[in-house]
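Visitor: I would like to learn how to read salt bridges in a protein model. Can you take me through a case?

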Amino acid sequence: MVKPAGPDCNMKCTYCFYLKKSNFFSQTKTHRMSKNILKKVVQQVMAHGESPVSFGWQGGEPTLMGIDFFKKAVEFQQKFGHNQVVGNGLQTNGILIDREWARFLAQYKFLVGLSLDGPKHIHNKYRRMKGGKDSWSMVVDRAKLLLNSGVAVNALTVVNNYSVHFPEEIYEFHKSLGLNYMQFIPCVEPDPVNPGQAARFSVDPAMFARFLVKLFDLWMDDADDNGFTTSVRYFDSVFYCYLGLPAPDCTLQENCGSYVVVEHNGDVFCCDFYVADKWKLGNVLQGDLGKMLNSPLQEKFGKQKAALAKTCRECQWLKYCRGGCTKDRLSKENENPGSNYLCLSYRVFFEHAHPRMTGLVKKFLLKGGI
């Protein structure tokens, strides 16, 4: 994962966890990755990577770098590659996307994750421009432009204390735009005054349980004899778990730490939720990404996920849930230190989904695929 513009963004979403990282990188007001650092990152990744090789470009807002930066990134991938298939994922709020961007993204088959929380009243609740202006109409226009240009687009939707009340409305809205690939990200951020408690805009666990259950039923009801007509990343990943396969979603894996984050200045961290001195692995200008990925510190970071609360270790859903994301363990708020803030959500979801998931596995095995 590469953050070429660091925490900089042209929006000011209320629930954004990364904007405050500007304080961590306070040496400069503006954060931009140099051509030299970009070259080092791509060169090292291509040297260590097999095929396929994946780059995730995130932020902040990565399109602040301008399109020429990404043209140079592709040029470096081609220069330093050795017959590898390269996948590029761009997570963006879409504001700066124009026809030139759309043509470029389509040409090089970038997978675009577009931040869109749903219909207007939901999206504009927290996703606003720096001056407070609504952003919904601009993002919807960019979604249509990308789709009409043949770009593969996923809708990235943050489920917060407001949007959690509208699972069906959000799901149907995305479908109506042609965004049939969806990712729903539960908002769990610590309160700035009481870090052991969740911030006011965080999703409520009981409400998120209802959200997941309703969304799952909508997803299942949309399936036909030829398979699923929509993709919900969390449910897809859960299905992998039911098949006994490694889940694509890192929150469902026993350990984490399978990727590293490279910031604009070349600093490398264990995860973008843990950009802090404690979890700094080094810098690409002085060190090697492969060694950092396999370093004792990265291994230590990855294993902390498996250090679960007693309730998790004894839970019947452990082999599917794996305790959720480590960042969501707001231990002071829970009766069991180390348990996930969303534990209730996942227990309710798996109790509801288990019969139909096991049925899907049988269908998959009988037909050789869905």
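Guide: We go from the overall fold to the salt bridges.

Guide: First, the ground rules. This is a predicted model, where local features need pLDDT of at least 70, side-chain atom pairs count only at pLDDT 80 or more, and totals for chains, interfaces and linings use all residues. Residues are numbered from 1 along each chain as its sequence is written, and side-chain values use heavy atoms, with hydrogens and water left out.

Visitor: How many helices and strands are in the protein chain?

Guide: Helices (H or I, at least four residues) and strands (E, at least two) are DSSP runs, numbered from the N terminus. Here the protein chain has 13 helices and nine strands. Its radius of gyration is 20 Å, close to the 21 Å from the globule rule for 370 residues, so the chain is as compact as a globular protein of that length. That radius is taken over C-alpha atoms, and the rule is 2.2 Å times the number of residues to the power 0.38.

Visitor: What share of the residues is buried?

Guide: Buried means under 20% relative accessible area, exposed over 50%, partly exposed in between (1.4 Å probe, protein chains only). Buried residues make up 52% of the 370 residues.

Visitor: How many salt bridges does the rule count?

Guide: A salt bridge needs a side-chain nitrogen of Lys or Arg within 4 Å of a carboxyl oxygen of Asp or Glu. The count comes to 15 salt bridges.

Visitor: Which residue does Asp8 meet in a salt bridge?

Guide: Asp8 pairs with Arg32, at 2.7 Å from N to O. Both residues sit in the segment before helix H1 (35-48), 24 residues apart. Asp8 is buried, at 11% relative accessible area. Arg32 is partly exposed, at 35%.

Visitor: Where do Lys175 and Asp222 lie?

Guide: Their closest N and O atoms are 2.8 Å apart, in a salt bridge. Lys175 is in helix H6 (residues 167-177), and Asp222 is in the loop between helix H7 (205-221) and strand S6 (231-232), so the pair ties together parts 47 residues apart in sequence. Lys175 is partly exposed, at 26% relative accessibility.

Visitor: Which residue forms a salt bridge with Asp221?

Guide: Arg356 does, with the closest N and O atoms 3.7 Å apart. Asp221 lies in helix H7 and Arg356 in helix H13 (residues 343-367), so parts 135 residues apart in sequence are tied together. Asp221 is exposed, at 55% relative accessible area, and Arg356 is partly exposed, at 32%.

Visitor: Which residues do shared partners join into one network?

Guide: Glu172, Lys175 and Asp222.
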